[in-house]
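Have the viewer open as you read.

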Amino acid sequence: MATRCQPHTLRPSRPALLALAGSGLLFGAPPAVQGQYSVDPVIVQFSSSDSVRATATRIKNDGSQPLDVRLYVNDFEQDELGTHSFLPAGEGTRSCESVLRVTPDAITVPAGESRYVNISFEPWKGADTCWSMVFAATLARVPTGLRVRQRIGVKVYGLALVGEPTGEITIAEIARGEDGPKLVFEFENPGTWPVRPMGSVEIRDYQGRVVRSIDVRPFSVLPGQGRRVSVPVGLGLVAGDYLAVPVLDFGADYLAGAQVTFSVP
Amino acid sequence: MKRVLTTLVLGSLLFATSAQAQTTASQTARINVPSILFISFTGDVDFGAAADADFTAGFKDVTGFTLTHRGNILHDVTVVADQAVFNKDGVAGVKPASDLQYDMDAAGLIAMPVVPVLLDDGAARGQHTKSFDFRVLLSLLNDDPGLYELPFTFTVSPD
């Protein structure tokens, strides 16, 4: 690698430094920060209503320069592995684009301060849940070179008029890899509302003792879709036979669970 | 009279003390913890001016950039070129976005994609830092003189 933007790593001669500065490379200057900011909340749900509803989302500029932020709506999909794909507004399978509004669509946040933007929903009584994503994206200020944009997505759901959290673990099996056994399970959401299952995988010996509990962090499952989750279960276990028991709470009045046997050689 | 007053005062004090002992103040601490995500990219990805030696090598590098992301929920991080070709002097040219390459955490150079590519799939709660180096491929035959620009985007989104 030829050049480095951190000042202490290269000490070019004075003529070279001048030439580089003239061409836009700024050795000796601290690395520029394209923007450092946070957004909260990043998951918003609107229930069915006859009236307009709104929520405020905060953008906090942690940088030392004013931050220009553009706000716009995209659609998204999420596959069974959790990978997102982003689509222009209105092109998603269940887009909220027709009822979702974001104001303002551009804002300048002074250094160290916060500003709020309004995410609102027109009257909504959909038979199906809709979902879209509001992006808070920084605008490039660099006049030359490769402009790096950053954006943080806010998931927005419009819940179906009728629904409740539903879900089940449909498949659970042990996969063996180089780094030991993994519990792979599939969580299906057959309902009309999105859910965010969370819980743990208990590792039990054949005497029923829990020898380890592994957290399963909340993950989203869209209505009518599923997620495949992989959890390493063999780390640190002595040789023997075990049970892997995933137990997930997804907001219903019952839990989803499964049980799989596996051996550690 | 003085004894009576003293008795009354002592009685009042005892009563007050007794009353205070039976008083409790119940407080409930509350904090609303929203889902929150943060992103920061440090550095201007500016290759400066390409020199003859860079064309001879076939590339020019800049290194030492940092992407920081954090949150209190699982989140994904992607990168994508905003357009398929570099702009040349402000208008779309022919130099492909893939002529820009990135190397994240010294894992090897990868061509800048034109569809989002996951850099971190289901990043755990907490803070994560990734180092970035960049390379732009150069060709005497293909790269006409001019100012080339290619915007690209890092995205952080909740799982």
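This is a predicted model: local features need pLDDT of at least 70, side-chain atom pairs count only at pLDDT 80 or more; totals for chains, interfaces and linings use all residues.

(Strands are DSSP E runs of at least two residues, numbered from the N terminus; two of them pair if DSSP finds at least two bridges between them.

β12(A) and β13 (residues 180–189) of chain A share 9 bridges in the antiparallel sense. A:Glu168 sits opposite A:Glu188 in β13(A).

## A buried loop glycine

A:Gly191 is in the loop between β13 and β14 (198–205) of chain A. It counts as buried because its relative accessibility is 17%, with buried meaning under 20%, exposed over 50% and partly exposed in between (1.4 Å probe, protein chains only).

Leaving out neighbours within four places in sequence, A:Gly191 is in contact (heavy atoms within 4.5 Å) with A:Thr166, A:Pro223 and A:Gly224.

## Two nonpolar cores

A nonpolar core here is a set of buried Ala, Val, Leu, Ile, Met, Phe, Trp, Tyr and Cys residues joined through side-chain atoms within 4.5 Å. In the largest, with 55 residues, A:Ile59, B:Phe134 and B:Phe154 touch the most other members. Apart from it lies another core of 24 residues, including A:Phe185 and A:Val229.

## Ground rules

Residues are numbered from 1 along each chain as its sequence is written, and chains are lettered from A and ligands numbered from 1 in the order in which they are written. Local features need pLDDT of at least 70, side-chain atom pairs count only at pLDDT 80 or more, and totals for chains, interfaces and linings use all residues, while side-chain values use heavy atoms, leaving out hydrogens and water.

Note on methods. Helices (H or I, at least four residues) and strands (E, at least two) are DSSP runs, numbered from the N terminus.
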